[in-house]
Amino acid sequence: MPEPTPPTDPQTAAQVFLALRHALADSAFLRRYLYTEESARFLGSTHKYGIRLAIQVQELDLIRHLCGNAGAEATNKLQTYLSRRLIPSLPAEFVTAVDVPASVPTDQSGDRCRALAEQSLARELPASLPYAHYFMELTRMATQQDPRCVTSPRLEEFSAYLGHCHRNTMAKARHRHPELWDQTQGHYVLDSRGTSFAIHFVQQLLRQNLLNPGTRFIDFGSGIGTMIATVHYYSPAHATGIEQHPGLNRLALCLLKKLSRLKAYSRAHVSLKTGNAFHPEVIDLSRYDVCYVYSPLGIDVIKADAVLDRLRVGAVLISNRRPRRFHDRVETLPEIGGIAAYRKLAP
Ligand SMILES: C[S@@+](CC[C@H](N)C(=O)[O-])C[C@H]1O[C@@H](n2cnc3c(N)ncnc32)[C@H](O)[C@@H]1O
């Protein structure tokens, strides 16, 4: 067997840039090498806890970790990128706070707070970086070194990219459509549980066999398209969003386009409709197998009964609103992502 040819210096440098791109999507890496200064404290009660991470780069360890024995050229290139581009552009700190339900006994609240804060850090820290920017920049630098290197994103990278694009889209929605933040009711009309929730939710649907090839999923009130994008990219199902606000649907389309820079989206498997979903001429709900309704308002803006009425027998409704009129015409399924699920039964 002929000996494999050792990689050239530029090929090695390309792999180092891709390794950094991958590492920036990993909260354990970020905490170990970049955000190493940590402070945590209870915030006025034993059921509310905050963690603050501040940037303090362990540069030598980081270079050793990513370069191993990659050689001087790749090491120098990484060092230059870190000092000139990455480190000056990273957010200075990351703060997260968690509330533990009052039902948790005081002697367990500390442990529960810590566990919840750790989960939130693992989910949110990578998305708090301008990851989309680093992804593009490091991909470009890797291909400049080695045009033949493989740059397709890993799942974690795509998730960090989705998280970052979602945050930007949410910020744009706040800025462009301030009327959607209805302070008077004490809730935001436009709310989203974020991409970590959406990914977890889709994984649970997959596990429960509710998102298969050919399944038609609809998000009733799809906002900026977070759930639709997640169903599209993380499952083989068809995803439809129906949203009454045209500005939000425009943002949803932009989100899909941004994501398509990493993975092409299939127009045959995703669609966004604008209009009032309560009007049957706008959307025929009987064509869908799984209907997701997330209405965070205290009052029933989107009523479960009104939706169930228009679903076909056998379809599944996932909703934080309980059916009343239809309570004896549904089979209650296991919760999905902490939200109740119902299958519509024949009358
Ligand atoms: C809380 S957001 C949910 C966003 C999205 N489903 C998610 O989970 O990320 C609720 C959305 O429902 C939309 N909405 C409310 N009533 C609607 C209706 N009758 N028809 C279509 N959209 C509606 C609102 O404009 C808002 O964007």
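The structure is a predicted model, in which local features need pLDDT of at least 70 and side-chain atom pairs count only at pLDDT 80 or more, while totals for chains, interfaces and linings use all residues. Residues are numbered from 1 along each chain as its sequence is written. The chain has 347 residues, and its secondary structure comes to 11 helices and 10 strands. Here helices (H or I, at least four residues) and strands (E, at least two) are DSSP runs, numbered from the N terminus.

**Overall build**

- The C-alpha trace spans about 75 × 55 × 45 Å along its principal axes.
- The chain is divided into domain 1 (9-151) and domain 2 (169-344), with bounds that come from an automatic or database domain assignment.
- Between the C-alpha centres of domain 1 and domain 2 there are 31 Å.
- Of the residues in the chain, 37% count as buried. A residue is buried if 20 or more other C-beta atoms lie within 10 Å of its own, exposed if 12 or fewer, and partly exposed in between, with C-beta atoms placed from the backbone.
- Of the contacts between residues at least 6 apart in sequence, 65% join residues at least 24 apart. Two residues are in contact if their C-beta atoms, placed from the backbone, lie within 7 Å.

**Helices H7 and H10**

- Helix H7 (residues 155-176) packs with helix H10 (residues 246-259) at an angle of about 155 degrees, and their axes are 10 Å apart. Axes are lines fitted to C-alpha atoms, for helices over the stretch in contact, and angles run from 0 to 180 degrees between N-to-C directions.
- This angle makes H7 roughly antiparallel to H10. Angles under 35 degrees count as roughly parallel, over 145 as roughly antiparallel, 65 to 115 as roughly perpendicular and the rest as oblique.
- The crossing of H7 and H10 is right-handed. A crossing has this hand if the near helix is turned clockwise from the far one by less than a right angle, and is left-handed if anticlockwise.
- Residues in this contact include Leu162, Cys165 and Thr169 of H7 and Leu248, Leu251 and Cys254 of H10.
- By class, the contact of H7 with H10 has eight nonpolar, two polar and three charged residues. Ala, Val, Leu, Ile, Met, Phe, Trp, Tyr, Cys and Pro count as nonpolar, Asp, Glu, Lys and Arg as charged, and the others, Gly among them, as polar.

**Helices H9 and H10**

- Nine of the nine residues of helix H9 (residues 226-234) are buried, so H9 is largely enclosed by the rest of the structure.
- The axes of H9 and H10 come within 10 Å and cross at roughly 30 degrees, which makes H9 roughly parallel to H10.
- H9 and H10 also have a right-handed crossing.
- On the H9 side, Ile228, Ala229 and Tyr233 meet Ala252, Leu255, Leu256 and Leu259 of H10.
- That contact has seven nonpolar, no polar and no charged residues.

**Two loop residues**

- Leu262 is in the loop between H10 and strand E6 (270-274), and counts as buried because it has 20 C-beta neighbours inside 10 Å.
- Leaving out residues up to four places away in sequence, Leu262 touches Pro153, Phe158 and Tyr161.
- Asn209 lies in the loop between helix H8 (194-207) and strand E4 (216-220), and counts as exposed because it has 8 C-beta neighbours inside 10 Å.
- Phi of Asn209 is near 65 degrees, a positive value in a residue other than glycine.
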